[in-house]
Amino acid sequence: MKELMRNVYLKDGTLVTKSKYGSHYGEKVFDGFREWIPWRSKLAAMILKGHRLKLKGDEKVLYLGAASGTTVSHLADIVDEGVIYAVEYAAKPFEKLLELARERDNIIPLLFDASKPWKYSGIVEKVDLIYQDIAQKNQIEILESNAEFFLEKGGEIVIMVKARSVDSTAEPEEVFESVLRKMGERFKIVNHGSLMPYHKDHIFVHAYKSE
Ligand SMILES: C[S@@+](CC[C@H](N)C(=O)[O-])C[C@H]1O[C@@H](n2cnc3c(N)ncnc32)[C@H](O)[C@@H]1O
């Protein structure tokens, strides 16, 4: 068994997180581990593509676009001594996110629109990492406004970008170039890359707040 990151392993070729919890989205659970399915989670795909995050386990994370908590559940296994503020604005997936938050003590579910961070600024504190996966046209503006409220200089960012959500007519490569240019004006980009074959026409961008 190979350790890839804190509480993340490759076990007989399968990506897993060390976890004391049961299955959340149909993933297999065995011997204190939960299978982390890269076709269901862009963060899992990013890790399998060789990119790692240096998490110690006690980080505070602001997660924008939590949906029903598939990726949140694994990130909560990783930052098991930290906290995840999980923002989602759609009521249906939020119900399942609530179920997850009830069994874990490090997930705070927030039914809010991520484009209005001032509405939850009284609840969310400064965080170490903003993870964003919201597939919206104005996703960079959303990231910038959340970074202004919740990230100090040096704070980390991981954003998942879906080309079609930004511009459904342009070539994905053009969309990615323009997103990277725009992000580079405000943040220091550490790395970026494709999520193929797990997620078509998606890239991850790993950056930090430089000013
Ligand atoms: C691609 S899904 C997220 C999947 C999830 N990150 C995972 O890996 O398990 C995108 C989610 O972002 C949510 N979303 C989109 N725009 C949002 C906004 N402005 N505020 C909050 N949630 C938003 C959608 O409702 C949807 O559930």
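**The ligand and its surroundings**

The model is predicted. The points below cover the ligand and then Tyr89, a residue that has a backbone atom 3.3 Å from a ligand nitrogen.

**Ligand and its shell**

- Glu88 places a polar side-chain atom 2.6 Å from an oxygen atom of the ligand.
- Gly65 takes part through its backbone: one of its polar backbone atoms is 2.9 Å from a nitrogen atom of the ligand.
- For Tyr89, the backbone atom that lies 3.3 Å from a ligand nitrogen is an N or O atom.
- On its own the ligand has 610 Å² of accessible area, and the protein covers 84% of that area.

**Tyr89 in the chain**

- Tyr89 belongs to the loop that runs between strand 7 (83-88) and helix 3 (91-103).
- Apart from neighbours within four places in sequence, Tyr89 is in contact with Leu111, Phe112, Asp113 and Gln136.
- With Gln136, the side chain of Tyr89 forms a polar contact of 3.1 Å.
- Gly184 is 95 residues from Tyr89 along the chain, and the C-alpha atoms of Tyr89 and Gly184 are 28 Å apart.

Conventions
Residues are numbered from 1 along each chain as its sequence is written. This is a predicted model: local features need pLDDT of at least 70, side-chain atom pairs count only at pLDDT 80 or more; totals for chains, interfaces and linings use all residues. Side-chain values use heavy atoms; hydrogens and water are left out. A polar contact is a pair of N or O atoms within 3.5 Å; within protein, one must be able to donate a hydrogen and the other to accept it, and residues adjacent in sequence count only if both atoms are side-chain atoms. Accessible areas come from the Shrake-Rupley method with a 1.4 Å probe; for residues, only the protein chains shown count as cover. Helices (H or I, at least four residues) and strands (E, at least two) are DSSP runs, numbered from the N terminus. Contact means heavy atoms within 4.5 Å.
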